[in-house]
Amino acid sequence: MIAGNLYATWGGVAAGVGNHLWQSTVFGAAAGLLSLALRKDQARIRYWVWLAASLKFLIPFSLLVEIGNRLAWTRAYAGTNAEVLVVMEQVSRPFAQVGKVIPAAAPLHSVWHLLPVALSAAWAAGFVVVLAMWCMRWRSVAAARRTATPVREGRERQALRQLNRMAELAKPVEMVVSRESLEPGIFGIVRPVLIWPEGISEHLDDHHLEAVIAHELWHVRRRDNLAAAIHMMVEALFWFHPLVWWVGARLVEEREQACDEAVLQLGSERHVYAESILKVCEFCVGSPLACVSGVTGADLKKRMVYIMNERIARKLDAGKKLLLSAAVLLALAIPIGFGVMNATQGRAQAQEESTNATKFTVSVKPSELLTPTYAGSGVHMVRMMYGPNGFEARNTSLLAIMQEAYGVQADQISGAPELLKTAAYDIEIKAEGAAPPSMSPLFRQTEIRNQLRSLLAEHFKLVLHHETKVLPSYLLEVGEDGSKLQPSKYADSPDTATGTDGKTIHRMMMRQGGNGQVMGIGAQKSSMTELARQLSMQLGENVVDKTGLTGQYDFNLQWSQSANNDSLFSGVQEQLGLKLVPQQAPTDVLVIDHVELPEAQ
């Protein structure tokens, strides 16, 4: 049952994740091209470009589209180019149809149903491993911080006090000395602390000491630890994506070069600053930690070349500023613009549909038979028929009309008084004018169901609310020996279900014999969805089509009336080659708060 429930949502989840990864990958590739164009400019600019690529993994494209939907013009523009929207949709969401490639009729314990479980387990295992690695590294630094001694005096304290003022920090950074074999680094986000390895000052003169401390304070000013923590979460969530790790390496490289540039701009000599980094590397043992912004990160040889380059601090020229501004605007404007265009197109269609809305005439009167279809005795035919120009129900209980209007079964309606089950009505709904040739029969069926809901509210004062309950239901599946259904001989006939002229949407009838001995469902050009719906009405419990059969069929199902419906189950299997599998599932339930019968009743 767990595998089946996962399979039910697998298509939508797979499509959503696939589209998000595709969009983030394209965004990351664009960030790479932009960074390449800015390779001779300041490192802090490239750093922000890569940070944006990292953040994109946490921001779904759909959020920006929704912003566009809310910003859409209040006046619909009917001239919106639908072809442009289709192309944008296909490019931005190439996996939208991924769920449709999975066989709908796959056995419950087949590989298709186990695939979501396996992939979910693999992702969860990777997430836990990556997160555990970060936590272990963080705990090792936190332990060093707890055993460290605050620096109250000395040349380190004096240099730190002076550089705190130069960095213009909102709150001065404190320094602690640790006996652990760590490099100098900033630990913490809200209250950052400079961890200083014991004994390292003896290897640094005053100029080297100031350069190293200045580098660390610039990490605090840039809030590099916060950015590193965010990217750690991205790496944990998307550990399987190589681009995430590559972006992480670029972030470390650019953040160190950005701090190098800032220290040199403060007035440090290039060769002195390079020497200070080398001296720290000679003293420290072990690789730097990602949860600490240190001085030895990134490629050391490359950094030395970069530091000694006279053009290291070149600022953006007008052309690069224009390029960067255009990139930012496009990154926001494309998804938001797509949302605006999509919403505008939808509003234009809604306005057109509203303008061309079908008008109906409704007739409601008590049935002359006085006994409703689903509770009557004697010989008569159950009949609720949809057509291209309306709907007709004869001798039908109000409870059955409610089931039809809301697409639910008897057990999905709670609080129904007995009169709803025993009072019989004849209801007729007619559309004014002929149905347009392009109108979908299913659209007309939806229109009529809306009319039925309005009828129940206005004529019978029906008030209800929705609740979710776990109820028994059935899955309609193909039997072990295969389906016995034959394609409809009316498949090419225009006067049956879904015909091009729409004369009849479906033709399915339920019969009840004298004294309730023989019952049956006769169908012409019926879908499995409609069969499941008719079986639901007979069983009084929801039946979900899981056959995977998409054709149209003619059949004549008959069974003997019995208290436990064994004859119906046997008939479905023996006559149609299908089976009804019981299950328990969360189900939407309609709870009746108020209903009235007309005074004439």
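Here are some notes on the predicted model above, point by point.

1. Overall make-up. Keep in mind that this is a predicted model. The protein has 17 helices and 17 strands. It runs to 601 residues, of which 45% count as buried. If you take the contacts with a separation of 6 or more, 78% of them join residues 24 or more positions apart.

2. The α8/α9 pair. Two packed helices are described by the angle between their axes and the distance between the axes. For α8 (residues 224-237) and α9 (residues 242-265), those values are about 170 degrees and 10 Å. Angles over 145 degrees count as roughly antiparallel, and α8 and α9 are therefore roughly antiparallel to each other. On the α8 side the contact is made by Asp224, Ala228, His231, Val234 and Glu235, while α9 brings Val244, Trp245, Val247, Gly248, Leu251, Arg255 and Cys259. Sorted by class, that contact comes to 7 nonpolar, 2 polar and 3 charged residues.

3. Arg223 sits in the loop between α7 (206-222) and α8. Most residues other than glycine have a negative phi. Arg223 is not a glycine, yet its phi is positive, about 55 degrees. Is this residue buried or exposed? Arg223 counts as exposed because its relative accessibility is 60%, and the cut-off for that label is over 50%.

4. Another positive phi. Lys461 is also worth a look if you are checking backbone angles: its phi is near 55 degrees, a positive value in a residue other than glycine. You'll find Lys461 in the loop between α15 (441-459) and β11. With 41% relative accessibility, Lys461 counts as partly exposed.

5. Leu163 and its neighbours. Leu163 belongs to helix α6 (residues 155-167). Its relative accessibility is 11%, so Leu163 counts as buried. Which residues does Leu163 touch, leaving aside those up to four places away in sequence? They are Glu210, Ile213, Ala214 and Leu217.

6. Asp481 is in the loop between β11 (463-478) and β12 (486-487). Asp481 counts as exposed because its relative accessibility is 80%. Gly577 is 96 residues apart from Asp481 along the chain, but their C-alpha atoms are separated by 7.0 Å.

7. Helix α13. This helix is mostly covered, with 8 of its 9 residues buried. The buried set is Leu398, Leu399, Ala400, Ile401, Met402, Gln403, Glu404 and Ala405. After α13 comes Gly407, which has a positive phi near 65 degrees.

8. Cavities. How many cavities of 30 Å³ or more does a search of the whole structure find? There are 2. By class, the lining of the second largest cavity divides into 2 nonpolar, 3 polar and 2 charged residues.

Key. Residues numbered from 1 in each chain as written. Predicted model: local features only at pLDDT ≥ 70, side-chain atom pairs only at ≥ 80, totals over all residues. Heavy atoms only, no water. 1 Å grid on protein atoms, 1.4 Å probe; cavity = no way out; pocket = protein on both sides within 12 Å on 5 of 7 lines; lining within 4 Å. Points joined across faces, edges and corners; volume = space filled by probe spheres on them. Nonpolar A, V, L, I, M, F, W, Y, C, P; charged D, E, K, R; others polar. Axes fitted to C-alpha atoms, helices over the stretch in contact; angles between N-to-C directions. Helix = DSSP H or I, 4+ residues; strand = E, 2+ residues; numbered from the N terminus. Parallel < 35°, antiparallel > 145°, perpendicular 65-115°, else oblique. Contact = heavy atoms within 4.5 Å. Buried < 20%, exposed > 50% of the residue type's maximum accessible area, 1.4 Å probe, protein only.
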